[in-house]
Amino acid sequence: MKKGAKFVVSLLAASVLSLGSVSTATAADAEYAVVLKVLSSEFWQTMKDGVEKEAEKQGIKVDVYAANTEDDVEGQTTLMENAVNKGYKGIAFAPISPDNLNPAIAEATSRNIPVVNIDEIVNLDGLNALGGKVYALVATDNQDVGRMGAQYIIDQIGGKGKVAIIEGKAGTKSGEDRRQGATDAFKAAAPGIELVESQPADWDRTRAYDIATNYLNKYPDLKGIYACNDTMAMGALAAVNASGKKVIVVGTDGNSDAVESVKNGELGATVRQRPDEIGARGVQLLIEAVNAKAMPETPKQEMIKAELVVKD
């Protein structure tokens, strides 16, 4: 691998790739591919930036692909299948669901193409049943993320009161882990803390607004809401503001609008992940996997620590 190699990143949406359209870089020239969920949110855009910067630092060429939406399971599957067929040295991926990419990953394994799982963790049991292997997993400890967000609410309300959770998309491990971490923290603080409800809003701001509005109407004395991402937290905050009540809302991801809201004393806090570091480490592990020439029986696992962002 030449350190002086030109760095190129191409971005193709699922619909474009499926039609075989050209990209901004020649895929045949790229040595590695990264398949993300989407690029329509700041979180995933920041992860892409981390991939780009690390690829430039390493002197390699990377093609970055992403589905159109977080519901576009079929589109992302097509992206992964096409990446495998292009014959990259290695592929990193963040699956939309725990299982949607597993057949393509298994095909990569059969062709001796090493893969690295970033952020959203695959169903390893299901993958192993297909004969697929992953070199490494790099993500955030999402149960810890949920615990941090919930604990902030507990502390701010003095360990007493009713609280609720707005979950991500059902079946998505990151969201389920955050929900579980928050649930565990709230239940550990019982009987002072009462977790009254937990419902999924599918990472969507409008759905979160509607769910939060329902919570506020149903539980007039609600004290806090933990949302499993910042997009939903901002929707919940809008509902709280519309109600005229004082309810602490805590989000997750550390998006710029959420951080600004925290600075302004609106959103209570956000648990900032480091998607740029996850992306960068994914590139490093991908290079390592290619050089290793073999896939381990058990994937290496690395967790990138999150941090609580508060007004002070």
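Let me start with one residue. Val122 has 5% relative accessibility, so Val122 counts as buried. The cut-off for buried is under 20%. Keep in mind that this is a predicted model.

Where is Val122 in the chain? Val122 lies in the loop between β5 (115–118) and α5 (124–129).

What does Val122 touch? Leaving out residues up to four places away in sequence, the contacts are Phe93, Pro95, Pro98, Asn102, Ile105, Asn117, Leu127 and Val134. Ile96 and Val122 are 26 residues apart in sequence, yet their C-alpha atoms are 9.2 Å apart in space.

Now the whole protein. The secondary structure has eleven helices and 13 strands. Of the 312 residues, 54% count as buried. The C-alpha trace spans about 60 × 35 × 35 Å along its principal axes.

What radius of gyration would a compact globule of 312 residues have? It would be near 20 Å, and the protein has 20 Å, which agrees.

Contacts next. Take those between residues at least 6 apart in sequence. Of these, 75% join residues at least 24 apart.

Two helices now. Take α7, residues 173–188. At 1.5 Å a residue, its 16 residues should span 22 Å, and the end C-alpha atoms are 22 Å apart, so the two agree. Which residues of α7 are buried? They are Ser174, Gly175, Asp177, Arg178, Gly181, Ala182, Thr183, Ala185 and Phe186. An α-helix has 3.6 residues a turn, so residues three or four places apart point the same way. The buried residues of α7 pack against α6 (142–156), β7 (161–167), β8 (193–200), β9 (222–227) and β10 (248–253).

The other helix is α11, residues 275–292. Its 18 residues reach 25 Å from first C-alpha to last, close to the expected 26 Å. The buried residues of α11 include Pro275, Ile278, Leu285, Leu286 and Val290. What covers the buried residues of α11? The cover includes β2 (32–36), α2 (42–58), β4 (90–93), β5, β6 (136–140) and β12 (300–304).

Last stop: Lys293. Just after α11, Lys293 takes a positive phi of about 65°.

Key:
Residues are numbered from 1 along each chain as its sequence is written. This is a predicted model: local features need pLDDT of at least 70, side-chain atom pairs count only at pLDDT 80 or more; totals for chains, interfaces and linings use all residues. Side-chain values use heavy atoms; hydrogens and water are left out. Helices (H or I, at least four residues) and strands (E, at least two) are DSSP runs, numbered from the N terminus. The radius of gyration is taken over C-alpha atoms; the globule rule is 2.2 Å times the number of residues to the power 0.38. Buried means under 20% relative accessible area, exposed over 50%, partly exposed in between (1.4 Å probe, protein chains only). Contact means heavy atoms within 4.5 Å. The expected span of a helix is 1.5 Å times one less than its number of residues.
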